[in-house]
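This report covers side-chain contacts and pockets.

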Amino acid sequence: MSQRRYQPARVSALRALGGGYHHLILEAPHLAAGEVGSFALLSVRAVDAAAVDPLLPRPFSFLSRDPGRGEVEIFFKEVGRGTREMARWTPGTRVQTLGPLGHGFRPPGRRRVVLLAGGVGMPPLLDLGTELARDHAVTCYYGGRSEADLHFLERFAAAGIELVTCTDDGSAGVSGTNVDAFRAWLGQGGGEGPAVYACGPTPMMRAAAELCEGAGLPLQFSLEANMACGIGICRGCAVARSEGEGYAMVCQDGPVFFAGEVRP
Ligand SMILES: Cc1cc2nc3c(=O)[nH]c(=O)nc-3n(C[C@H](O)[C@H](O)[C@H](O)COP(=O)(O)OP(=O)(O)OC[C@H]3O[C@@H](n4cnc5c(N)ncnc54)[C@H](O)[C@@H]3O)c2cc1C
Ligand code: FES
């Protein structure tokens, strides 16, 4: 589902979580109607602001979508000008939004599901896991550099998702990457392998693709790219297709792809 017109949304709440992370709730019924894995472009200038800079909108996934309340939750990290601007929003701030955009996650086709979540790649996987845990056995390997990068842990248990936290510095959970922890679990063998979903930094996605290919496991990943139009016109979000020539557009053909379709 792709909405090609910017529509206003209103900030219901914005809370700093520490470590540069923020929890944003937007009153945006049009975005709440999106499928799991879809995303939105947010203009990082407030609707009422006179400034035209920064010009380009920024893409964000949904931590949850609630069509009943007409709200979406977004979990974001301050990394540059746009997200710094967003961190200054207050309840009542009006923002321009384009979405829901892109193709979401496809059904797993297996009873067991593994989620590989890295850093700010966590939101769409918590949203997906919450849906799948109703009738699948779901385990999430959630990785960050340190404990300060891991958030909303209580929501995994509440959704019925088994959670394995992993940190590079060993400050919480398993010491090492989430892909390494999953590899160790796979090494124990037994039964049908899980369907795997991944979202996180590019090196993590490459490691996940390599592991799943070697183990013969179906993998879908949600990719990140810098975006301008969000609707397949500007070619700014192109990623190389794995076979043949040509490019796929993350905004329109993704952000979710099957491993093997494109190279992360
Ligand atoms: C489909 C999609 C969903 C996303 N969901 C989330 C989310 O739920 N939470 C969240 O915190 N972030 C998410 N992102 C990433 C987010 O869009 C970027 O962090 C944001 O655009 C940075 O904007 P900025 O102006 O603060 O940083 P900029 O000043 O634009 O850039 C600062 C630094 O971040 C890098 N950067 C910028 N954009 C991206 C990007 N898209 N991917 C990787 N690195 C980038 C730049 O290269 C630069 O090094 C998502 C991206 C995509 C494509
Ligand atoms: S952002 Fe313009 S083609 Fe994808």
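## Salt bridges

The count comes to nine salt bridges. A salt bridge here is a side-chain nitrogen of Lys or Arg within 4 Å of a carboxyl oxygen of Asp or Glu. The model is predicted: local features need pLDDT of at least 70, side-chain atom pairs count only at pLDDT 80 or more, and totals for chains, interfaces and linings use all residues. Residues are numbered from 1 along each chain as its sequence is written, chains are lettered from A and ligands numbered from 1 in the order in which they are written, and side-chain values use heavy atoms, with hydrogens and water left out.

Glu27 pairs with Arg10, with 3.1 Å between the closest N and O atoms. This pair links distant parts of the chain, 17 residues apart: Glu27 sits in strand S2 (residues 21-27) and Arg10 in strand S1 (residues 7-18). Helices (H or I, at least four residues) and strands (E, at least two) are DSSP runs, numbered from the N terminus. Glu27 is partly exposed, at 36% relative accessible area. Arg10 is also partly exposed, at 35%. The classes are buried (under 20% relative accessible area), exposed (over 50%) and partly exposed (in between), with a 1.4 Å probe and protein chains only.

## Bridges at loops and in a helix

Glu192 and Arg110 meet in a salt bridge of 4.0 Å, N to O. This pair links distant parts of the chain, 82 residues apart. Glu192 is in the loop between H5 and strand S12 (195-199). Arg110 is in the loop between strand S7 (94-101) and strand S8 (112-118). Glu192 is exposed, at 51% relative accessibility, while Arg110 is partly exposed, at 23%.

Asp180 and Arg183 form a salt bridge of 2.6 Å, N to O. Both lie in helix H5, three residues apart, about one turn of the helix. Asp180 is partly exposed at 39% relative accessible area, and Arg183 is partly exposed at 38%. Elsewhere, salt bridges that share partners join Arg65, Asp127 and Glu131 into one network.

## Aromatic pairs

A search of the whole structure finds seven aromatic pairs. Rings of Phe, Tyr and Trp (its six-membered ring) pair if their centres lie within 6.5 Å; planes under 30 degrees apart count as stacked, over 60 as edge-to-face and the rest as tilted. Tyr142 and Phe156 have ring centres 5.8 Å apart and planes at 40 degrees, so this pair is tilted. Tyr142 lies in strand S9 (residues 137-144) and Phe156 in helix H4 (residues 153-159), so the pair ties together parts 14 residues apart in sequence. Both Tyr142 and Phe156 are buried.

Phe182 and Trp185 are stacked, because their planes are at 15 degrees, with centres 6.2 Å apart. The two are three residues apart in helix H5 (residues 178-187), separated by about one helical turn. Phe182 is buried, at 0% relative accessibility, whereas Trp185 is partly exposed, at 29%. Tyr21, Phe75 and Phe152 form one aromatic cluster.

## Largest pocket

A pocket is an open set of points on a 1 Å grid over the protein atoms alone, where a 1.4 Å probe fits, with protein on both sides within 12 Å along at least five of seven lines; lining residues have an atom within 4 Å of a point. Grid points are joined across faces, edges and corners, and a volume is the space filled by probe spheres set on the points.

The largest pocket has a volume of about 1,300 Å³. Its lining has 46 residues, with Val120, Gly121, Gly200, Pro201 and Glu224 nearest the centre. Strand S4 (58-61), strand S6 (71-77), helix H2 (81-86), helix H3 (122-132), S9, H5 and helix H6 (202-215) each supply at least two lining residues. The lining divides into 23 nonpolar, 16 polar and seven charged residues. Ala, Val, Leu, Ile, Met, Phe, Trp, Tyr, Cys and Pro count as nonpolar, Asp, Glu, Lys and Arg as charged, and the others, Gly among them, as polar.

## Second largest pocket

The second largest pocket has a volume of about 250 Å³. It is lined by 13 residues; nearest its centre lie Ala209, Glu213, Ala259, Gly260 and Val262. H6 and strand S13 (219-222) each supply at least two residues of this lining. H6 gives the most, with three residues. This lining divides into nine nonpolar, two polar and two charged residues.
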